[in-house]
Amino acid sequence: MAKGKAGESNPYTGLGLDESGNWLPGSPRVLSLLSSVLERSVRGNEKLLAGSKIKDVITIFHGSRAPSLNLRQYVERIFKYCKCSNSCFVVAVIYIDRFLQRIDAYLTSLSVHRLLITSVMVAAKFMDDQHYNNAYYAKVGGISREEMNRLEMRFLFDLDFQLNVTTEVFNKYWLMIQQEGGLETQTALQTQGYCLKKDETGRGRRLAGVHRGRAL
């Protein structure tokens, strides 16, 4: 992971890292940014689906009703109890985007919670040296262990087990999350020259209610 240079704004401060790459105490800003991006995505997608003839793809990630915890509370609960590295939340967004692209689905209030806990769990297993078992993640996510197992397997197979994330893709999504989540990154975006209108495949991203209704 790149570190901020002396005299420049560190692009990873929001992930809880200082300019030396050390973890900062407290709740990282990535949590609030991620919550804002996901909430915006859900609102935009549900508005699009309600006002058009587009039919969403129903998956095992869909519940009959939205959980009582809102997304901000759910993200903070995952952060508090799962103890995964902060970067897992960015990787989780990348995984969700890949998943939605592959099955041609939209992110809604009925699917976002299960997709989030599953993607964070998969990211932690892939990236972190230490992580909890599925039963623990299930308890944090408010579902049964059996359901957690089914969600993980479905998620992995739909991703075709493509879990690797390059530094370039990570940086693009992190900058996008900062921009879409409300953080001022215009200078950084102009400096990096990243194209945030498309995902890693070159197609429109699918997490927010813009750019075809799914893209961030």
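What is the relative accessible area of Tyr136, and is this residue buried or partly exposed? In this predicted model, Tyr136 has a relative accessible area of 26% and is partly exposed.

**View 1. The stacked pair of Tyr132 and Tyr136.** A pair of aromatic rings is described by the distance of the centres and the angle of the planes. The structure holds seven aromatic pairs. In the pair of Tyr132 and Tyr136, the ring centres lie 3.9 Å apart and the planes meet at 25°. Planes under 30 degrees apart count as stacked, so this pair is stacked. Tyr132 is partly exposed, with a relative accessible area of 32%, and Tyr136 is partly exposed at 26%.

**View 2. The aromatic cluster of Phe61, Phe99 and Phe155.** These three phenylalanines, Phe61, Phe99 and Phe155, belong to one aromatic cluster.

**View 3. The nonpolar surface patch at Met153, Phe157 and Phe161.** Together, Met153, Phe157 and Phe161 make a nonpolar surface patch of about 300 Å². Phe161 is located in the loop between α6 (145-158) and α7 (167-181). The relative accessible area of Phe161 is 42%; with buried defined as under 20% and exposed as over 50%, this residue is therefore partly exposed.

**View 4. The buried loop residue Asn86.** Asn86 occupies the loop between α2 (71-82) and α3 (87-103). Its relative accessibility is 8%, and Asn86 therefore counts as buried. Asn86 and Pro28 are separated by 58 residues in sequence, while their C-alpha atoms are 7.5 Å apart in space.

**View 5. Thr108 and its contacts.** Thr108 belongs to the loop between α3 and α4 (112-127). With a relative accessible area of 7%, Thr108 is buried. Residues up to four places away in sequence being set aside, Thr108 touches Val42, Glu46, Leu49, Asp56 and His62.

**View 6. Helix α7 and its cover.** Helix α7 has 15 residues, which at 1.5 Å a residue should span 21 Å. The end C-alpha atoms of α7 are 21 Å apart, in agreement with that expectation. This helix is mostly covered, since eleven of its 15 residues are buried.

Key:
Residues are numbered from 1 along each chain as its sequence is written. This is a predicted model: local features need pLDDT of at least 70, side-chain atom pairs count only at pLDDT 80 or more; totals for chains, interfaces and linings use all residues. Side-chain values use heavy atoms; hydrogens and water are left out. Patches are made of residues with over 30% relative accessible area and no salt bridge: like charges are joined within 9 Å, nonpolar side chains (Val, Leu, Ile, Met, Phe, Trp, Tyr) within 5 Å. Accessible areas come from the Shrake-Rupley method with a 1.4 Å probe; for residues, only the protein chains shown count as cover. A salt bridge is a side-chain nitrogen of Lys or Arg within 4 Å of a carboxyl oxygen of Asp or Glu. Helices (H or I, at least four residues) and strands (E, at least two) are DSSP runs, numbered from the N terminus. Buried means under 20% relative accessible area, exposed over 50%, partly exposed in between (1.4 Å probe, protein chains only). Rings of Phe, Tyr and Trp (its six-membered ring) pair if their centres lie within 6.5 Å; planes under 30 degrees apart count as stacked, over 60 as edge-to-face and the rest as tilted. Contact means heavy atoms within 4.5 Å. The expected span of a helix is 1.5 Å times one less than its number of residues.
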